[in-house]
Amino acid sequence: MFIPRRAVIAAAPLLAYPLSSEAQAVFPTRPLRAILSFPPGGAIDAVTRLIAPRVGELLGQPLVVENRGGAVGSLAAGAVAASPADGHTLLFDASQHAAAPFLMNNLSFSYDSFAPVTQLTSVPLLLAAHPALPVQTLAEFLALGRARAAAGRPLTYASGGNGASTHYAGVLFQNLAGFEVLHVPFRGGGPAVQALLAGTVDFHIGTAGSTAAMVREGRLRGLAVSTAARLPAFPELPTLQEGGLAGYDWNEWGGVFAPAGTPTPVIDRLQAVLREALFQPVVLERLATIGMVPVASTPNDFAAFVRDQKALTGRLTREARVTMD
């Protein structure tokens, strides 16, 4: 999943935007709610809890974290969409935000009912295989995949569930590699990695932070990274683009949304505060250890990024006939 250059530029720890006197005077007037689209323990949960204390200090009101996982994030999204558009209730969502509109039917709200505030993070993915698979390189892996697909025995890959970012990572892989791979969904990224360790599946395209230690220990075999450029943490691993999958660039991401209609001065203040909290040295150090890259894009850049993600995810959903079943 690509990150526009403008978003990368915005990731630099800049000075906060000047705040209008109106925004400073009327916002916030009470504690803020951060409604998360995942259960405790995931990537977006980790980064939210890292920055919440500093956000509270900067705003003069606490940021209270509330987890509402399930239904491709639509439970959390629905709660925020129904909240007053005053900036006090925020949706902390991830890549599934771009998939949910295409997977969930009969929602009581529209995914257009949000004002993008900022992309918090980008999370590179790593293609890892079980060591028993008879391959040592990406080229050998692709050759084996083609041969197995031609023989009617496609390679299997684990994901964190139908509609998860790791599911779409495999869909995009199949789309660009030109051969079939078989999707095996699990209930979350942790179980997916455990299935790969057990040899239940052949490979997994998951967050680098979730598999890096196992690759270094030799318990899994790292073969490629999902980004357009090689990762500093794994300079020896080629990108999937280098392996011939032209255009493969897929990351997980996390971001913050407010209800549509939230005043622009409030959105701007939230973005500036979230950026300052994100770029604390202690937060940056922790993000690096769990394989997350800080972004802190502007509201306009994040809005453009989300539009691009929805367009790509919608196309993949239609072409691969992705469903929640």
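**Exercise 1. In which hand does α7 pass α12: left-handed or right-handed?**

Solution. This is a predicted model, in which local features need pLDDT of at least 70 and side-chain atom pairs count only at pLDDT 80 or more, while totals for chains, interfaces and linings use all residues. Residues are numbered from 1 along each chain as its sequence is written, and side-chain values use heavy atoms, with hydrogens and water left out.

Step 1. Find the helices. Helices (H or I, at least four residues) and strands (E, at least two) are DSSP runs, numbered from the N terminus. Helix α12 covers residues 299-320. Helix α7 covers residues 165-177.

Step 2. Take the geometry. The axes of α7 and α12 come within 10 Å and cross at roughly 70°. Axes are lines fitted to C-alpha atoms, for helices over the stretch in contact, and angles run from 0 to 180 degrees between N-to-C directions.

Step 3. Name the angle. α7 is therefore roughly perpendicular to α12. The classes are roughly parallel under 35 degrees, roughly antiparallel over 145, roughly perpendicular from 65 to 115, and oblique for the rest.

Step 4. The crossing of α7 past α12 is left-handed. Left-handed means that the near helix is turned anticlockwise from the far one by less than a right angle; right-handed means clockwise.

Step 5. List the partners. From α7 come Tyr-168, Val-171, Leu-172 and Asn-175; from α12 come Thr-313, Arg-315, Leu-316, Thr-317, Glu-319 and Ala-320. Contact means heavy atoms within 4.5 Å. By class, five of these residues are nonpolar, three polar and two charged. Here Ala, Val, Leu, Ile, Met, Phe, Trp, Tyr, Cys and Pro count as nonpolar, Asp, Glu, Lys and Arg as charged, and the others, Gly among them, as polar.

**Exercise 2. Describe how α3 packs on α10.**

Solution. Step 1. α3 spans residues 43-59 and α10 spans residues 264-278. Their axes lie 8 Å apart, at an angle of about 120°.

Step 1. α3 and α10 are therefore oblique to each other. Their crossing is right-handed.

Step 2. α3 brings Val-47, Ile-51, Arg-54, Val-55, Leu-58 and Leu-59. α10 answers with Arg-269, Leu-270, Val-273, Leu-274, Glu-276, Ala-277 and Leu-278. This contact of α3 with α10 has 10 nonpolar, no polar and three charged residues.

**Exercise 3. Which residues touch the most other members of the largest nonpolar core?**

Solution. Step 1. A nonpolar core is a set of buried Ala, Val, Leu, Ile, Met, Phe, Trp, Tyr and Cys residues joined through side-chain atoms within 4.5 Å. Buried means under 20% relative accessible area, exposed over 50%, partly exposed in between (1.4 Å probe, protein chains only).

Step 1. The largest core has 48 residues, and Leu-127, Phe-141, Phe-173, Phe-203, Tyr-248 and Trp-250 touch the most other members. Helix α7 gives the most to this core, with six residues. Another core, of 32 residues, lies apart from it; Val-55, Leu-59, Val-65 and Phe-279 are among its members.

**Exercise 4. Identify the backbone features at Pro-28, Val-72 and Ala-296.**

Solution. Step 1. Most residues other than glycine have a negative phi, and most peptide bonds are trans.

Step 1. Phe-27 and Pro-28 are joined by a cis peptide bond, with omega about -10°. Pro-28 lies in the loop between α2 (21-26) and β1 (32-36).

Step 2. Val-72 is not a glycine, yet has a positive phi of about 55°. Val-72 is in the loop between β2 (63-67) and α4 (74-81). Its relative accessibility is 9%, so Val-72 counts as buried.

Step 3. Ala-296, also not a glycine, has a positive phi of about 60°. Ala-296 lies in the loop between β11 (293-294) and α12. At 2% relative accessibility, Ala-296 counts as buried.
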